[in-house]
Amino acid sequence: MRAAVYDNAGPAEVLVYKEIPDPACGRNDVLIAVEAISIEGGDLINRRSSPVPRPSFVGGFMAAGRVIAIGANVINRSVGDRVTSFDLDGSHADLRAVPASRTWLTPRGIGMLEAAAVPVSFGTADHCLFTRGGLRPGETVLILGGSGGVGLAAIQLAKRAGAKVLAVTSGSKTTQDLIRLGADHVIDRLKVDTLQEVMRLTSSEKVDLVIDPIGSTLQASLAMLKPEGRLVFVGNAGGAKLDVDLWPALQGNQSLFGVFMGTQLELPSVHKRVEDILQAVANGELEVVINGTFRLADAVTAHQYAETTDALGRTFLVP
């Protein structure tokens, strides 16, 4: 098969497109002919900084395509099924072997690009907002990283659930798009102090829930919470050490919840939620925003684009 691989962590230029052996389809696996790859934030972070477990490493979380072989123990997938898949590596290739439990059938009406992005972006947002964050209708949620994949999903899901949505972004270029997707207010952190703007927008009451994918902003996130508010931190896009003074949280009876979706997507309840979200996208009720599509052979350019563009949404690869 052809794949974008790397031998050492580093900038996008470490990626090399070349022929490597096909993956083996294990007894619990399906083998997928990949048609679309969603470049996730975690893919970029891992490529930049995580030790490489083996030579010619194929990174990447998310890929969608058609099943071309099934393992001996697989009973709920068939050759020819259209699926989207998640794993901690292996997406940046034209073939992927993955446990069947980490796949979802894609409903009619959803394209392969959209399907590739849903489990991580929308699955993560849903888990943060509802399973961990306990968001209820009428509450106010603050979503940091509002123009990222998880942020865009969280805005739509929170609005759909009847919440008041405040979204934080960098630059006003995306403001109207975020409002169209469901944000009640968009805070440009390059123009205003986020805490002061939250205080203004909430008449100093602050917010019930903060979704924070940045990490380095945790202390500020706590400062924007009401007493007994909830903070869900997911990932560490800021790359800083997650230092935080918890004394204010204790005094405010606030709750902090960490989310790492790599261990959650196979849970039956989470798996089912992703199925429901895939159908909602297929029905036109939710939107996957696409900001660029590149050939797998051009993975270096695609990763550079995903890391530097200020366009809204996900960047994709196609074999």
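## Ground rules

This is a predicted model, so local features need pLDDT of at least 70 and side-chain atom pairs count only at pLDDT 80 or more, while totals for chains, interfaces and linings use all residues. Residues are numbered from 1 along each chain as its sequence is written, and side-chain values use heavy atoms, with hydrogens and water left out.

## The chain overall

The chain has 9 helices and 16 strands. Helices (H or I, at least four residues) and strands (E, at least two) are DSSP runs, numbered from the N terminus. For 319 residues, a compact globule would have a radius of gyration near 20 Å, and the chain agrees with its 20 Å. That radius is taken over C-alpha atoms, and the globule rule is 2.2 Å times the number of residues to the power 0.38. Along the principal axes, the C-alpha atoms fill a box of roughly 60 × 40 × 35 Å.

Buried residues account for 50% of the 319. Here buried means under 20% relative accessible area, exposed means over 50%, and partly exposed is in between (1.4 Å probe, protein chains only). The accessible surface comes to about 13700 Å², with 52% of it belonging to carbon and sulfur atoms; these areas come from the Shrake-Rupley method with a 1.4 Å probe, and for residues only the protein chains shown count as cover. As for contacts (heavy atoms within 4.5 Å), take those between residues at least 6 apart in sequence: 66% of them join residues at least 24 apart.

## Helix H2 and its kink

H2 covers residues 112-132, which is 21 residues, and it reaches 29 Å from first C-alpha to last, close to the 30 Å expected at 1.5 Å a residue. The expected span is 1.5 Å times one less than the number of residues. Still, H2 has a kink of about 50° at valine 118, shortly before proline 119. The bend at a residue is the angle between axes fitted to the seven residues ending there and the seven starting there.

Of the 21 residues in H2, 17 are buried, so the helix is largely enclosed by the rest of the structure. After H2 comes glycine 134, whose phi is positive, near 60°.

## A three-stranded open sheet

Three strands line up in the order E2-E1-E4 as an open sheet with antiparallel pairing. The edges are E2 (16-19) and E4 (57-58), each with a single partner strand, so one side of each is left without a neighbour in the sheet. Two strands count as paired if DSSP finds at least two bridges between them. E1 (residues 2-6) is joined to E4 by 2 bridges, and tyrosine 6 has phenylalanine 57 in E4 as its bridge partner.

## E12 and its parallel partners

Strand E12 (residues 207-212) has 6 of its 6 residues buried, so it is largely enclosed by the rest of the structure. E9 (residues 140-143) runs parallel to E12, with 3 bridges joining them, and E12 also runs parallel to E13, with 5 bridges. Leucine 209 shows up in both pairings: it is the bridge partner of valine 141 and stands opposite arginine 230 in E13.

E13 spans residues 225-234 and includes glutamate 228. That glutamate has a positive phi of about 70° although it is not a glycine, and its relative accessible area of 59% makes it exposed.

## Residues in loops

Asparagine 253 sits in the loop between helix H7 (247-251) and strand E14 (255-259). Its phi is positive too, about 55°, although it is not a glycine, and at 53% relative accessible area it is exposed.

Serine 91, in the loop between E6 (82-86) and E7 (95-99), is buried at 0% relative accessibility. Leaving aside neighbours within four places in sequence, its contacts include Ile37, Val58, Phe61 and Arg96. Serine 50 lies in the loop between H1 (41-49) and E4 and is partly exposed, at 24%. Not counting residues up to four places away in sequence, serine 50 touches Ala9 and Ile45.
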